[in-house]
Structures are given as C-alpha cells and as structure tokens.
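Here is a briefing for a reader who is meeting this structure for the first time. Please look over the sequence and the model before reading the points that follow.

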Amino acid sequence: MRDVTIDNVTDVVIASLGDKAPIGDRQREVMTSLIKHLHGFCKDVSLTHGEFLYACDYLARAGRICDDKRQEFILLGDILGVEVLVDMLTHPVEGNESVSTVLGPFYRENPPVLPKGASIIQKHFPNEETVWFEGYVRDAQGKGIEGVTLDVWEDAPNGLYENHDPDQPDYNLRGRLVTDADGHFAFVAVRPVPYPIPDDETAGELLRFMGHHPYRPGHIHFILAKDGYRTLVSQVFDADSDWLDDDSVFAVKDSLVARFEPASDSRTDLKVRFDFVMKAQAATAQLAAE
Ligand code: BEZ
Ligand code: FE
C-alpha cells in the first residue's frame with residue numbers, strides 16, 4: 001500500500017503479516033502485539049528520527065559486546081524488569097512449589113559434579129566467610145526426591161563471577177550436586193556479597209539513563225532438575241544483605257530469603273538451611289497415575 005498515514009500505518013503493517021508466505025498462529029499473535037505496542041510507544045513519546053537512529057546504534061553496540069562470556073541482551077532485559085516478568089508468566093507459582101526467579105547472564109553449563117558436602121571454593125579470598133549450605137528437595141506431598149541435580153553458582157568475595165574475573169580458576173564457585181535417597185543435599189560455599197551487574201557498557205548506559213544503581217543483594221543461584229519435575233531456576237538471598245528491597249533486576253522474593261547463621265561446628269563460619277519443593281510435571285504425573 002502507498003501513502004500510509006500516522007493513523008493507518010499500524011493496521012497496514014499488521015495486515016501485511018503472512019501476505020507473501022504463511023505464518024503460524026503464534027507468530028501472528030506475537031507480531032501483531034509487537035507492532036501495536038512498538039507503534040504505540042513511538043506515538044506516545046513522539047519518537048524523533050534522531051532518537052530512532054540512536055536506539056539502532058545502541059542495539060548494534062550491545063550486540064557487538066556479546067560473546068560466550070557476556071550476554072548483554074539478558075542484562076538489558078533484567079534492567080527493564082522483562083526477565084522477572086517473563087519468568088512469572090512462564091512459571092506461575094502453584095501450591096507449595098518453590099518460587100523461581102531470574103536466571104541472569106552468568107550461568108555456565110556443565111559445572112563440575114561434586115559429592116555431597118563438597119566445597120565449590122577453588123580460590124580463597126582474605127575477607128571470605130565460608131558457609132555450610134544444606135537442605136532437602138521434596139515433592140508437593142513432602143517426600144524427599146532422590147537424584148535431583150542442583151547446579152549452583154555465586155560471586156566471589158570480590159563481587160565477581162569467575163567468568164568475569166581472569167584471576168579466578170575456571171568454574172570457581174560453581175558446582176553440580178545431586179540429592180541423596182532422602183532428597184538431601186549439602187555443599188560448602190562462600191557468603192555471597194552484593195555486586196553491581198556489569199555497568200561498563202550498554203547496560204550501564206541504560207542504568208544511568210534510568211537513574212538507577214546497578215547493585216544486587218548477595219545471593220546464590222540454583223537450577224534444580226530431574227525428569228518428571230518442572231525445572232526450577234531460582235536464587236537464595238542472604239537475609240542480612242544490602243539491596244534486598246532495591247535489587248537492580250527486581251528478582252528478590254520473600255520466600256527465597258534465608259538467614260546465614262553462625263555455624264555450630266568449625267567446618268565453616270556460617271550455615272544455611274534451605275529446602276526446595278519441586279512440582280511434578282503434568283505429563284509425568286498423568287503417566288504415574290495410569
Ligand atoms: C545474576 O544474579 O547473576 C544477575 C541477574 C540478572 C542480571 C545480572 C546478574
Ligand atoms: Fe547473580
């Protein structure tokens with residue numbers, strides 16, 4: 001169509017969907033809404049052409065700094081509250097299942113598999129506090145689940161994840177634990193410290209544009225997985241940390257806050273007890289009932 005106008009351009013673009021090649025229902029749904037909201041945004045703020053070009057250049061710069069160690073677009077999504085929103089939409093909390101929260105950009109696949117009670121610490125820091133972290137993984141009925149893998153990762157006492165710090169050994173403060181026959185797991189970690197999310201490049205530019213600080217409260221990340229259960233991506237937060245009420249990525253949930261208490265033996269400085277509940281996946285639950 002020629003001579004589109006401010007008033008009809010949105011409808012014209014939506015009407016063009018699938019014009020030359022068939023597209024799926026979901027594709028049509030997503031693109032229709034995206035076009036509506038993007039056009040609505042441009043009209044709302046009367047976006048200038050200079051601002052449009054700035055945004056294109058900004059996205060190109062964000063793309064150029066992405067590599068296997070830095071995923072800038074997840075960071076941008078986090079700063080805008082998109083990852084936490086998408087997580088809540090994808091994983092509505094059902095019953096007593098543990099709450100999920102954002103994955104973030106620092107997960108690495110295939111961490112070292114460790115026996116129960118092992119330490120994920122490969123390099124020590126002078127100011128570290130060591131933590132005995134243990135708990136049970138149970139199903140909704142309270143029965144311990146055997147053979148759940150828990151991938152855990154956290155920042156070092158200098159506030160850096162191992163893959164953003166050339167002075168830490170590969171996979172420092174990362175590990176994969178497996179629950180025993182009672183659903184029990186345990187590992188030794190360091191007390192996680194608050195840290196600023198990477199704010200040197202385009203993520204920092206966005207934070208400053210929004211007038212926002214980059215800090216996250218101290219937390220340890222978890223991914224719990226076992227066939228027949230919904231994979232749980234979550235974090236456990238230190239109840240005494242700063243920034244719990246002002247997380248730069250909006251990911252704190254009250255039920256994920258745990259107290260790091262003085263340890264009762266000399267194994268570590270502190271101890272934490274935190275239990276998880278995993279939800280059986282519908283298809284498997286159905287199979288089990290058959
Ligand atoms: C993290 O907790 O590792 C994280 C989450 C979102 C953005 C940046 C970091
Ligand atoms: Fe983190």
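In what follows, Ala, Val, Leu, Ile, Met, Phe, Trp, Tyr, Cys and Pro count as nonpolar, Asp, Glu, Lys and Arg as charged, and the others, Gly among them, as polar. The model is predicted, and the domain assignment of its protein chain gives domain 1 (9-47) and domain 2 (72-277), with C-alpha centres that lie 38 Å apart.

**Largest pocket**
- The largest pocket holds about 1000 Å³ of space, and of the 21 residues that line it, Phe41, Ala55, Tyr58, Leu59 and Leu80 lie nearest its centre.
- Its lining comprises 16 nonpolar, 3 polar and 2 charged residues, and at least three residues come from each of domain 1 and domain 2.
- Helices H2 (25-44), H3 (49-64), H4 (72-79) and H6 (202-210) each supply at least two lining residues, while H3 gives the most, with 7 residues.

**Second largest pocket**
- The second largest pocket, with about 180 Å³ of space, is lined by Arg26, Glu29, Val30, Ser33, Leu34 and His37, which divide into 2 nonpolar, 2 polar and 2 charged residues.

**Iron site**
- The protein donors of the iron ion (ligand 2) are Tyr161 (OH), Tyr195 (OH), His219 (NE2) and His221 (NE2), which lie 1.9 to 2.2 Å from the ion, and along the chain the donors follow the spacing Y-x33-Y-x23-H-x1-H.
- The arrangement around the iron ion (ligand 2) is irregular because its 6 donor atoms subtend angles of 55 to 165 degrees.
- His219 is buried, at a relative accessible area of 0%, and His221 also counts as buried, at 3% relative accessibility.

Technical notes
Residues numbered from 1 in each chain as written. Chains lettered and ligands numbered in written order. Predicted model: local features only at pLDDT ≥ 70, side-chain atom pairs only at ≥ 80, totals over all residues. Heavy atoms only, no water. Donors = N, O, S within 2.8 Å, 3.2 Å for Na, K, Ca; no water. Tetrahedral: all angles 85-135°; square planar, octahedral: opposite > 155°, others 65-115°. Buried < 20%, exposed > 50% of the residue type's maximum accessible area, 1.4 Å probe, protein only. Domains from an automatic or database assignment. 1 Å grid on protein atoms, 1.4 Å probe; cavity = no way out; pocket = protein on both sides within 12 Å on 5 of 7 lines; lining within 4 Å. Points joined across faces, edges and corners; volume = space filled by probe spheres on them. Helix = DSSP H or I, 4+ residues; strand = E, 2+ residues; numbered from the N terminus.
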